Amino acid sequence: MDTTLKIFMTALLFLVTYQDWKERKISNRYIISIFLIGVLRGIVREDLGWAGQFFGFFAVSVPMIVLNYMFSNSFGSGDIKMMGAAGVFLGVSKIWSAFCSSVFFAGFYLILYQIVKGDEGKRSIAFGPFLSLGIFMCIWLHRV
């Protein structure tokens with residue numbers, strides 16, 4: 001059952017990546033689905049516990065909200081909601097790992113983009129694909 005949930009989560013991450021890359025938005029239906037898969041995972045596997053899932057929801061999303069207020073439009077609301085929903089699936093420590101790796105990959109992408117395009121550098125990027133990559137890596141490379 002756990003592998004099935006991981007496969008469904010992976011499919012949702014691919015959908016989020018495609019939509020955010022093309023449209024620069026993340027649909028609430030994907031976010032709600034990620035959240036529900038996280039809740040279902042909590043029912044099937046009790047290793048995180050409800051407290052781990054609860055705090056996983058807020059662990060990254062709240063700092064993202066704070067950063068969004070400090071630095072206008074740092075993240076889209078879909079990015080914030082997605083990390084909250086994914087935090088229910090991953091728990092506190094893994095959601096931080098996913099977020100940090102996402103920031104690393106996004107930074108690497110921007111550096112490469114700057115090298116290739118020069119001064120035409122991007123002012124903003126769709127962050128959802130990088131968040132999806134970080135979450136994907138935590139699901140399949142860590143023991144989740």
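How are H3 and H4 oriented to each other? The legends below take up this point and others, using a predicted model.

**View 1. Helices H3 and H4 are roughly parallel to each other.** Helix H3 spans residues 49-59, and helix H4 spans residues 61-70. Their axes come within 4 Å and cross at roughly 15°. Angles under 35 degrees count as roughly parallel, and H3 and H4 are therefore described in this way. On the H3 side, the contact is made by Phe57, Phe58 and Ala59. On the H4 side, Ser61, Val62 and Pro63 take part. By class, five residues of this contact are nonpolar, one is polar and none is charged.

**View 2. Helices H4 and H5 are roughly antiparallel.** The two helices pack at an angle of about 160°, and their axes are 8 Å apart. Because angles over 145 degrees count as roughly antiparallel, H4 is placed in that class relative to H5. The crossing of H4 and H5 is right-handed. From H4, the residues Ser61, Met64, Ile65 and Asn68 meet Asp79, Ile80, Met83 and Gly84 of H5. The contact of H4 with H5 comprises four nonpolar residues, three polar residues and one charged residue. Ser61 of H4 also belongs to the contact of H3 with H4 shown in View 1.

**View 3. Helices H5 and H6 are oblique to each other.** The axes of these helices come within 7 Å and cross at roughly 130°. This angle is the reason why H5 and H6 are termed oblique. Their crossing is right-handed. In H5, the residues of the contact are Met83, Ala86, Gly87 and Leu90. In H6, they are Val92, Lys94, Ile95, Ala98 and Phe99. Seven residues of the contact of H5 with H6 are nonpolar, one is polar and one is charged. Met83 of H5, listed here, is also among the residues that meet H4.

**View 4. The largest pocket has a volume of about 410 Å³.** The lining of this pocket is formed by 23 residues, of which Ser74, Phe75, Asp79, Ile125 and Phe127 are the closest to its centre. The elements that give two or more residues to the lining are helix H5 (77-90) and helix H6 (92-117). By class, the lining has eight nonpolar, eight polar and seven charged residues. Asp79, one of the residues closest to the centre of the pocket, is also part of the contact of H4 with H5.

Key
Residues are numbered from 1 along each chain as its sequence is written. This is a predicted model: local features need pLDDT of at least 70, side-chain atom pairs count only at pLDDT 80 or more; totals for chains, interfaces and linings use all residues. Side-chain values use heavy atoms; hydrogens and water are left out. On a 1 Å grid over the protein atoms alone, a cavity is a set of points where a 1.4 Å probe fits but cannot get out, and a pocket is an open set with protein on both sides within 12 Å along at least five of seven lines; lining residues have an atom within 4 Å of a point. Grid points are joined across faces, edges and corners, and a volume is the space filled by probe spheres set on the points. Ala, Val, Leu, Ile, Met, Phe, Trp, Tyr, Cys and Pro count as nonpolar, Asp, Glu, Lys and Arg as charged, and the others, Gly among them, as polar. Axes are lines fitted to C-alpha atoms, for helices over the stretch in contact, and angles run from 0 to 180 degrees between N-to-C directions. Angles under 35 degrees count as roughly parallel, over 145 as roughly antiparallel, 65 to 115 as roughly perpendicular and the rest as oblique. Contact means heavy atoms within 4.5 Å. A crossing is left-handed if the near helix is turned anticlockwise from the far one by less than a right angle, and right-handed if clockwise.
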